[in-house]
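Please look through the sequence and the model below before reading on. The paragraphs that follow lead from the overall layout to single residue pairs.

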Amino acid sequence: MALKLIRHVGTITASTLGDDAAHGLALGKLGNGNAFRVNEFGGNDVFIKVTSIDQRTAVTSSNGLYLRANNTVNIVPEGDRSPIVGGDTGARVALDGTDADGLNAGSGVLINAAEENYFISVINETGSGSDGAVHIEVVTQANPV
């Protein structure tokens, strides 16, 4: 399967993970058909967890995805991916004259409702001296059949 790079998101370096605490990075939005590609390049195993930016759940060895050293994983986060306000509730907007002034919010439609902002949390698999590093990208399948 060929992947097309949509954008570079960012990097959490080994020097950042050197204190053996969980560290995070805002990933931004993930459109339909896209995935986060997480590359471990620091040479040590890590745990990762991708959640809604509203939740910002810190990764631990018991709630995270194990990523071996020098490997890559593609992640499509769980959830509805279509919240309008607040947490991942899957709430919808009905333009039926039931808003406060009966004007359907000017008959406007929120176009980016299917996109959610995400957050990644990363922690080393073992203690001191085993500091991993990850680089995150947004990718999509190139030329799907």
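Two strands are said to pair if DSSP finds at least two bridges between them, and the helices (H or I, at least four residues) and strands (E, at least two) are themselves DSSP runs, numbered from the N terminus. Residues are numbered from 1 along each chain as its sequence is written, and side-chain values use heavy atoms, with hydrogens and water left out. The model is predicted, so local features need pLDDT of at least 70 and side-chain atom pairs count only at pLDDT 80 or more, while totals for chains, interfaces and linings use all residues.

The protein contains two helices and eight strands, which follow one another from the N terminus as β-α-β-β-β-β-β-α-β-β. The mean pLDDT, the predictor's confidence in each residue on a scale from 0 to 100, is 80 for the protein, and 72% of its residues reach 70 or more. Over residues 81-88 the pLDDT falls below 50, although this stretch still has 31 contacts in the model beyond near neighbours in sequence, a contact being heavy atoms within 4.5 Å.

Eight of the nine residues of β7 are buried, so β7 is largely enclosed by the rest of the structure; buried means under 20% relative accessible area, exposed over 50%, and partly exposed in between (1.4 Å probe, protein chains only).

Another open sheet of four strands has the order β1-β8-β3-β6, and its pairing is antiparallel as well. Here β1 (3-12) and β6 (72-75) stand at the edges with a single partner strand each, so one side of each is left without a neighbour in the sheet. The twist in this sheet averages 25° from one strand to the next. Four bridges pair β3 (residues 34-40) with β6 in the antiparallel sense, and among the residues involved, arginine 37 has asparagine 74 in β6 as its bridge partner.

The loop between β7 (116-124) and β8 (134-141) holds serine 130. The side chains of serine 130 and threonine 126 are joined by a polar contact of 3.0 Å, that is, a pair of N or O atoms within 3.5 Å, of which, within protein, one must be able to donate a hydrogen and the other to accept it, residues adjacent in sequence counting only if both atoms are side-chain atoms. Leaving aside neighbours within four places in sequence, serine 130 is in contact with Asn44 and Asn124.

For the protein as a whole, buried residues make up 34% of the 145 residues.

Definitions and conventions
Axes are lines fitted to C-alpha atoms, for helices over the stretch in contact, and angles run from 0 to 180 degrees between N-to-C directions.
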